[in-house]
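Have a look at the model first, then read on.

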There are 2 protein chains.
Amino acid sequence: MYDHKYLLEFTTEVFMRIGCSREDAGAVAAVLIAAELRGHSSHGMIRVREYYELWKSGRVNVTPDVKVVHQTPSTAVVDGDRCFGMVAGIRSMRLAIDKAATTGTGWVATRNSNHFGIAGYYAMMALQHDMVGICVTNANPLVVPTGSVSRYLGTNPLAVAVPALQEPPFVADFATTPIARGKLAVAEKKGEKVPLGFVQDADGNPSDDPGILRRGGGMLTLGGDLLHGSHKGYCMTAVVDIFSAIFSGANFGPFVPPSVAYLPVPENQPGEGTGHFFGAMRIDAFRPAEEFRSAMDQWIRTFRNAKPIKGGVRVLIPGDPEREAEERNGAAGITLVPAVVEDLKAIAAGHGFEFREKK
Amino acid sequence: MYDHKYLLEFTTEVFMRIGCSREDAGAVAAVLIAAELRGHSSHGMIRVREYYELWKSGRVNVTPDVKVVHQTPSTAVVDGDRCFGMVAGIRSMRLAIDKAATTGTGWVATRNSNHFGIAGYYAMMALQHDMVGICVTNANPLVVPTGSVSRYLGTNPLAVAVPALQEPPFVADFATTPIARGKLAVAEKKGEKVPLGFVQDADGNPSDDPGILRRGGGMLTLGGDLLHGSHKGYCMTAVVDIFSAIFSGANFGPFVPPSVAYLPVPENQPGEGTGHFFGAMRIDAFRPAEEFRSAMDQWIRTFRNAKPIKGGVRVLIPGDPEREAEERNGAAGITLVPAVVEDLKAIAAGHGFEFREKK
């Protein structure tokens, strides 16, 4: 078990050693450790080495000039100058919040960025300002549009955070596909099949083979097949791609650069880097803040008290599992798998410091 | 076959006869006929009688005082005064567009409204103003949150319209559930079963019975079951409910009034009527308009040229099927089922005019 404060400090140190400012290194670390705390280790410390390799390959600028390239009272476009995604992400969301403070809402499209961790981190930044936060990003293309075998879409997540009064906030943060890619890798390592509805083969036939992506297969959109509404999942994932790329001038769909250094950057890219989109909406731009928050309490309590299915335990509010994980992991510490620990030790050793074995 | 211009004129007449102004009657008619043209007859002329009955039951105000109750430079809340949903819908979307013209984006939450037809109509209003349009609404509760047997959510549609340059616009307009309720009714009438993943029984078990809603069953969210991401569908449907109701002060989830007169209005409603949410975003608030439109052309062409699955024909862009239906039905006329024709004749006869048999 590792204390999250130690992991934050260590990770900040790693990114400072490769040339990031303290602020930028702290941004990267904060979002990665938030993912660990919230139980999404796929977006946590495992990424330190990936980001490190991405920097070594020359694809990340550790001294970026992140700047606003265009704006109106309620909108802006931010150019990340090939920064780590968190650096542009936190700046962009702050700008959205500032604009919302004066204009009611703020909307920022960001280009020339990289993988930015969990979308929910940025959406939740709005909560302390009495605002609703929204965040989407596009991602490596692995997902097929309905009726196609072309891997033209990412697992494109959407996060929405809504403040309540006495209840904890509503925080939805989800990939717009049935599963994350990581689940396929785990099943493959275990030698297991996956249920139908996750992937298809190179011809577009249903497949239960978790390794099919390496043989021309693709991941399916939410809904799984046309009969069960995969075209609606396609719409969702496409909307996220358009908001991330077309509003900002980043790369869309098949041209999004991979978040790992060992995969090549697509040729003839039409845009710049990866794209994100951020929104902040002041709740009192719609109703008195306390009235909005009370109504949200009522929403949350109503749904939390919905009747569970027979044999089920309780109905969850989006954000419940992550908040509970955060309390648990904050107190007990964070578990890292041995391979990640080895990576962290090696990176630290290469820069003349060390990753301490335990809390 | 009925000419759409005649249906527009006839429907306007119906709603004027019951007391709507010409403008309001025209708004109701325009959205219903747009649905027929676009191939969504479930939201078309079949609703004339439902709306008529809703008026007769006293649940719709045909001389409403639709007004803005709160606003900031980029936001507003509109009270529909129990109007037909189209009346508040068109006014609210126009207001969002006006705000976007000056502030970059406009966001309007609407309460005290009723069923408003196809969400895509409002989203598409933004296109001619060089804007992206967004529209959501909540709806009659028929859908269960993941892990629950409580029907607390509607089929809550989301529509997003994005302008292109030479290509027709991207128009996604979809219920955030695998199917519309109408499909269950059709299967039941035919005595057919439905595929698993559409509905569950009163205990929460998978069901293939299209009549299960009358026996305590519920419709499932997009994804179908937890394994296939139904919790992500639940998040989507919940977000639409919150934007429609909590921002505006309308009723949320289980309290949304039914869109048909023969179902009772829920007791102890926390809000006012049905809620909608509208957004307009000026594309040049992000990038020069022509640059944005060109990038969107490139997006559309890339996805349209994606490789079809083996044996498949082509990959669709959201909005393609509806646009093609519109061209077809605009030229050839609109087919109405006999029961709808009888309803229209009876309503007209009751008000001293007639529904002409054919084009």
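Strand S7 of chain B, residues 199-200, pairs with S9(B) in the antiparallel sense, over two bridges. Strands here are DSSP runs of E with at least two residues, helices are H or I runs of at least four, and both are numbered from the N terminus; two strands pair if DSSP finds at least two bridges between them. Across that pairing, Val199(B) sits opposite Met219(B) in S9(B).

Zoom out and you get an open sheet of three strands in chain B, ordered S8-S7-S9, with antiparallel pairing. Strands S8 (206-207) and S9 (218-219) of chain B are at the edges with a single partner strand each, so one side of each has no neighbour in the sheet. In general, strands of a sheet pair through backbone hydrogen bonds, parallel or antiparallel.

A note on the ground rules: this is a predicted model, where local features need pLDDT of at least 70, side-chain atom pairs count only at pLDDT 80 or more, and totals for chains, interfaces and linings use all residues. Residues are numbered from 1 along each chain as its sequence is written, while chains are lettered from A and ligands numbered from 1 in the order in which they are written.

## Domains of chain A

Chain A is assigned domain 1 (1-63 + 330-359), domain 2 (64-175 + 221-287 + 302-321) and domain 3 (179-219), with bounds from an automatic or database domain assignment. The C-alpha centres of domains 2 and 3 of chain A are 25 Å apart. Their contact takes nine residues from domain 2 of chain A and 10 residues from domain 3 of chain A, where contact means C-beta atoms, placed from the backbone, within 7 Å.

Ala100(A) is part of helix H4 of chain A, residues 85-103. Is Ala100(A) buried or exposed? Ala100(A) is buried, because 28 other C-beta atoms lie within 10 Å; the cut-offs are 20 or more for buried, 12 or fewer for exposed, and partly exposed in between, with C-beta atoms placed from the backbone.

Leaving out residues up to four places away in sequence, Ala100(A) touches Thr105(A), Gly106(A), Met131(A), Ala280(A), Met281(A) and Arg282(A).

## Where the chains meet

The contact takes 69 residues from chain B and 69 residues from chain A. On the chain B side, the elements supplying at least two residues each include strand S3 (105-113) and helix H7 (230-245).

Methods. Two residues are in contact if their C-beta atoms, placed from the backbone, lie within 7 Å.
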